[in-house]
Amino acid sequence: SIHKDLEEKIARFHQREDAILYASCFDANAGIFEALLTPEDAVLSDELNHASIIDGIRLCKANKYRYKHMDMQDLEAKLQDAQKHRLRLVATDGAFSMDGDIAPLREICQLAQKYNALVFIDECHATGFLGPNGRGTDELLGVMDKVTIINSTLGKALGGAAGGYTTGPKPLIDLLRQRSRPYLFSNSLPPAVVGCASKALDLLMDSNAIAQSMAAKTQRFRSKMTAAGFTISGKDHPICPVMLGDARLAAVMAEDMLNRGIYVIGFSYPVVPKGKARIRVQISAVHSDEDIDRCVEAFTEVGRKHGALP
């Protein structure tokens with residue numbers, strides 16, 4: 001009963017008809033494309049989509065199109081080419097985890113409407129904190145009624161460290177219950193994870209204070225870091241990649257930050273492209289303004305020490 005209650009709560013939170021739980025969002029992404037799409041259909045995927053979306057698409061027999069990252073002209077060209085197929089599904093991350101940038105969902109939904117396509121978004125890096133009430137990128141960009149399918153996680157902002165789900169039209173969820181292999185052939189979520197996620201959704205639906213505080217804290221960090229001379233990738237997202245370019249520089253700076261009591265992660269090739277090494281900072285609702293200011297001060301000291309700042 002607690003699992004069914006959580007599914008109902010997820011659907012209500014996203015203002016959708018129904019939802020289905022998985023062990024992870026990786027499983028949700030592995031389970032949807034094969035169940036939904038046939039060899040007569042087409043799926044159009046952003047080139048920087050998460051690995052789990054890519055793997056899920058590989059498992060299905062649909063015709064596959066990959067469009068340039070957030071490039072609406074390229075997406076339109078691919079949609080025109082895909083008109084010969086029965087059904088078209090545009091698949092994109094709502095927010096991209098390595099760069100902190102947000103998909104242009106308004107434009108994607110307009111193109112989907114124009115070319116009679118469905119829109120699927122992965123909201124793992126948006127659910128719980130983006131948008132006025134933390135409902136995600138479709139709420140942030142005002143297209144909640146135009147996005148057909150949402151996959152997301154219970155393991156990031158919703159705090160359970162496990163669990164994922166699909167939410168959308170009830171006939172789709174009914175289909176997934178009968179046909180989605182990761183749902184049918186793996187265990188259900190542990191009750192403790194279900195209880196944790198359910199409480200997190202209660203907090204979000206009772207008040208928008210957490211989501212609003214996240215936006216303010218993100219803006220504080222990004223503006224202060226930019227003023228200090230750093231380049232921060234993405235736009236208004238709590239994932240704040242400090243772009244450094246050099247892999248070794250990112251590694252030694254991250255280590256120096258840890259020595260100052262601040263835990264940040266250096267990323268370099270093959271996780272990100274060569275020459276795009278960065279330190280990925282994630283702002284959390286539990287960070288105070290003092291925490292953020294101390295982090296900026298430490299970055300400034302470490303950046304000067306290692307030549308990342310003049």
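Gln15 is found in the loop between helix H1 (2-14) and strand S1, where helices (H or I, at least four residues) and strands (E, at least two) are DSSP runs numbered from the N terminus. Although Gln15 is not a glycine, its phi is positive, at about 60°. The model is a predicted one, in which local features need pLDDT of at least 70 and side-chain atom pairs count only at pLDDT 80 or more, while totals for chains, interfaces and linings use all residues. Residues are numbered from 1 along each chain as its sequence is written, and side-chain values use heavy atoms, with hydrogens and water left out.

The UniProt record, an unreviewed entry, places the feature "domain: Aminotransferase class I/classII large" at residues 2-299; UniProt positions follow the numbering used here, feature names are shortened, and annotations may be inferred rather than shown by experiment. The span 2-299 is 44% helix and 17% strand, and its end C-alpha atoms lie 44 Å apart.

Seven strands form an open sheet of mixed pairing, in the order S1-S7-S6-S5-S4-S2-S3; two strands pair if DSSP finds at least two bridges between them. Strand S1 (18-22) and S3 each have a single partner strand and stand at the edges, so one side of each is left without a neighbour in the sheet. From one strand to the next, the twist averages 20°, with axes taken as lines fitted to C-alpha atoms, for helices over the stretch in contact, and angles running from 0 to 180 degrees between N-to-C directions.

Within this sheet, strand S2 (residues 42-46) and strand S3 (residues 63-67) run parallel and are joined by five bridges. Asp46 stands opposite Tyr67 in S3. Together with helix H3 (residues 51-59), S2 and S3 make a right-handed β-α-β unit; a crossover is right-handed if, with the strands pointing away from the viewer, the path from the first strand over the helix to the second runs clockwise. Strand S5 (residues 118-122) pairs with strand S6 (residues 149-153) in the parallel sense over three bridges, and Ile121 stands opposite Ile150 in S6.

Helix H7 (residues 170-179) packs on the sheet and touches S1, S6 and strand S7 (164-168), its direction making about 30° with that of S1; contact means heavy atoms within 4.5 Å. Helix H4 (residues 72-81) lies across S2, S3 and strand S4 (88-93), and runs at about 160° to S3.

A further open sheet is formed by three strands in the order S8-S10-S9, with antiparallel pairing. Strand S8 (239-245) and S9 are the edge strands, each pairing on one side only. Three bridges link S9 and S10 in the antiparallel sense, and Phe267 has Arg278 in S10 as its bridge partner. The loop between strand S9 (265-267) and strand S10 (277-282) contains Pro270, which is joined to Tyr269 by a cis peptide bond with omega of about 15°.

H11 lies across S8, S9 and S10, running at about 35° to S10. The axes of helix H11 (residues 247-259) and helix H12 (residues 289-305) come within 10 Å and cross at roughly 135°. H11 and H12 are therefore oblique to each other, angles under 35 degrees counting as roughly parallel, over 145 as roughly antiparallel, 65 to 115 as roughly perpendicular and the rest as oblique. In H11, Met253, Asp256 and Met257 meet Cys295, Ala298, Phe299, Val302, Gly303 and Lys305 in H12.
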